[in-house]
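Here are my notes for when you open this one up. Keep the structure on screen and click along as you read.

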Amino acid sequence: MRKMMVLLMLGFVILFVAGCKKAPESTAKARQDFKWQVDQFADIRILRYQVPGFEELTPQQKELIYYLSEAALWGRDIIFDQNYRHNLKIRKTLDAIVEGYQGDRTTPEWEKFMVYTKRVWFSNGIHHHYSTDKILPEFSPEYFEALVKGSQGVKFPLEEGQSLDELIAFLKPIIFDPKVDPKKVCQDPSLDLVANSAVNFYEGVTQKEVEEYYARLIDKNDPTPISYGLNSRLVKKDGKIVEEVYRLGGKYGQAIEKIVYWLEKAATVAENDLQRQVIEKLIEYYRTGDLKKFDEYNILWVKDTESVVDFVNGFIEVYNDPLGMKGTWEALVNFKNLEATKRVATISANAQWFEEQSPIDPRFKREKATGVSAKVITAAMLGGDCYPSTPIGINLPNANWIRRMHGSKSVTLENITYAYDQSSLDSPFGKEFTYNEEILERIKKYGSLAGNVHTDLHECLGHGSGKLLPGVKSEDLKNYHSPIEEARADLFALYFIMDPKLVELGVLPNEEAAKAEYDVQIRNGLMTQLVRIEPGKNIEQAHMRARALVSHWVYEKGKPDNVISRVKKDGKTYFVINDYQKLRQLYGELLKEVQRITSEGDYEAAKNLVETYGVKVDPELHQEVLERYRKLNLAPYAGFINPELEPVYENGKIVDVKISYPEDYVKQMLKYGKEYSIL
Ligand code: ZN
């Protein structure tokens, strides 16, 4: 899984993510006045994102984005069907009710129906997008029946010869019975993962049959294997197991025809020859379903680093398949954020300086340090599995041999993270857990940028810095490898974010920005990340262990000098940093030790560090934090509605594309249901 997802806890986002800045004052103002959040229901917030820089693109680039966006939106039916075989029928029924119901739309029952419908739209099906549990309606089957029968002037998805009563009878158990297909992706290894997953990648086959089928196909000695099974559904027909391949004229052929139609148009306005080849290769793959073509496409795509406009379109990520083979359809259209990419490039270009200045033992330093080249992009359209729930970073392709031999692209979606940040600024979260106004204001002012720079340092330099002694392998640290590695990259970022060099390089405006990052890190590591832990549980997740480890260690070691104090105000606990420079030194000391542990493969020390500082939870503080968080009534997940692109024609030719930002989630969903539905 190579998508960076934000686990959205309001106000947390600042930690994982980013923001675009240095906009002219007027633009900055316009962005502040923008309504970021447009809806909230169940555990979900619906946000909007802006596409800064779109107007400055050339007409041809805009035209290209428009065509690619159409190709992105035409895959919506595919993902609904992939997620569950009855999803399309359910969505069409819900859409028809929302459009055509003639009865009272002011009752609590109607409200519950709308919440359910919005959740189904959000998850691209009836299973929760994150937990994959079936979403159960809070209205009755009888009310559902009344809604269907009370709707007029709309078409329900009836099979040939099927009556409305028969459709209702068919859908009732699927929607209401908690025992029917309760889980989209089953991960319980004691069960048949295929038979117990509702996801629509298999039909009539057992896990054993699937595994045997692919074991026969896969050539283990092939150094450049195709991604077996990525673009097909495996079914048993007349006792024979066959692959239904997703391609033109095959499974999902009608939707793929539309996608190909728009990709063909896109190819005519490609920015350069290589990009045209990329698009044409993708079309070839969609026509044939040949996975070799998909590899060729990926290799071309990785090479194309010059184009401003870029895109993802296809069956990509495999985490919806309990067996990790089948790709879920997704799309993303984007263009380079040149200014922010410069920031990343500046940091990467100075990799050697950072390595030399790093407070680690010279024996563990790299002689020649190089930063990872990454780019920052602006998302212009989201589709399939990227919509409405959106990743903040993408690192593709997934095939390991292509990554090794041809490289990969790592991108950060900065306008998406910016929207997360902006929508969180007014959230009560920051106020609840921040000691005073001064600190809160500093976080509001610099937190977004500083969070970005932290991520850049962590990703572009931190993981790649230092070296292992001869004979040491990263597996030597076993289960402690991940938290130690994440702590190492984080410490690298934390140590250097306070370095005057960053201001000198123009990456940060001043030291205040670095302080804001320290404030957020300490607040999170010692306290607020606990809201994601259930009462009585330990910290499990590697990034969370890393943050807890780092924060608790510096808190303990700084006690003699009172570097960080734990204070109570109005019965509430806060952690306050008293000495930022001393805190930086402590981060440096711990970086030195964590690098030593890594370089020497010192398992015992890793275990000791993680278990002492990164796992256990103070139950009293935990309870307090959970209670304070619960009172805020925040929705932990967020997703986005897309902007709208409107081509401007002159003499039958597109001469410009106008962008606008609709506010109505329901409207966009109904529009997509009407205009981009073909299966
Ligand atoms: Zn990392």
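1. Let's start with P388, which sits in the loop between β9 (375-384) and β10 (393-396). Keep in mind that you are looking at a predicted model. Zoom in on the peptide bond from Y387 to P388: this bond is cis, with omega near -5°.

2. Next, have a look at D181, found in the loop between α8 (164-176) and β4. Its phi is near 45°, which is a positive value in a residue other than glycine. Is D181 buried, partly exposed or exposed? D181 has a relative accessible area of 22%, so it counts as partly exposed, given that buried means under 20%. Not counting residues up to four places away in sequence, D181 touches Y84, R85, H127, K134 and A198.

3. You'll find N651 in the loop between β15 (644-650) and β16 (653-660). Its relative accessibility is 81%, so N651 counts as exposed, the cut-off for that being over 50%. As background, most residues other than glycine have a negative phi.

4. In α9 (residues 207-217), the buried residues are Q207, V210, Y213 and Y214. Why do they line one face of the helix? Looking down the axis of α9, you see the buried residues fall within an arc of 130°, so they line one face. The background rule is handy here: an α-helix has 3.6 residues a turn, so residues three or four places apart point the same way. And what do the buried residues of α9 pack against? They pack against the strands β4 (202-203), β5 (232-237) and β6 (240-245).

5. N298 is a quick stop. Look for N298 in helix α12 (residues 291-303). Its relative accessibility is 6%, so N298 counts as buried. Leaving aside neighbours within four places in sequence, N298 is in contact with P397 and I402.

6. The crossing in which α19 passes α22 is right-handed. On the α19 side, the contact involves S482, P483, I484, E486, A487, D490, L491 and L494, and these meet A542, H543, R545, A546, R547, L549 and V550 in α22. Sorted by class, this contact has nine nonpolar, two polar and four charged residues.

7. Helix α19 also packs with α21 (residues 511-526), at an angle of about 145° and with the axes 9 Å apart. From α19 the contact uses L494, Y495 and I497, while α21 brings A514, E517, Y518 and Q521. By class, there are five nonpolar residues here, plus one polar and one charged. Note that L494 turns up in the contact with α22 as well as in the contact with α21.

8. How far apart are the axes of α5 and α26? The axes are 11 Å apart, and the helices pack at an angle of about 120°. The two helices are therefore oblique to each other, and their crossing is left-handed. The residues making the contact are R91, D95, V98 and E99 of α5, along with V666, M669, L670, G673 and K674 of α26. By class, that gives four nonpolar, one polar and four charged residues.

Notes
Residues are numbered from 1 along each chain as its sequence is written. This is a predicted model: local features need pLDDT of at least 70, side-chain atom pairs count only at pLDDT 80 or more; totals for chains, interfaces and linings use all residues. Side-chain values use heavy atoms; hydrogens and water are left out. Buried means under 20% relative accessible area, exposed over 50%, partly exposed in between (1.4 Å probe, protein chains only). Helices (H or I, at least four residues) and strands (E, at least two) are DSSP runs, numbered from the N terminus. The arc is that of the directions from the helix axis to the C-beta atoms. Contact means heavy atoms within 4.5 Å. A crossing is left-handed if the near helix is turned anticlockwise from the far one by less than a right angle, and right-handed if clockwise. Ala, Val, Leu, Ile, Met, Phe, Trp, Tyr, Cys and Pro count as nonpolar, Asp, Glu, Lys and Arg as charged, and the others, Gly among them, as polar. Axes are lines fitted to C-alpha atoms, for helices over the stretch in contact, and angles run from 0 to 180 degrees between N-to-C directions. Angles under 35 degrees count as roughly parallel, over 145 as roughly antiparallel, 65 to 115 as roughly perpendicular and the rest as oblique.
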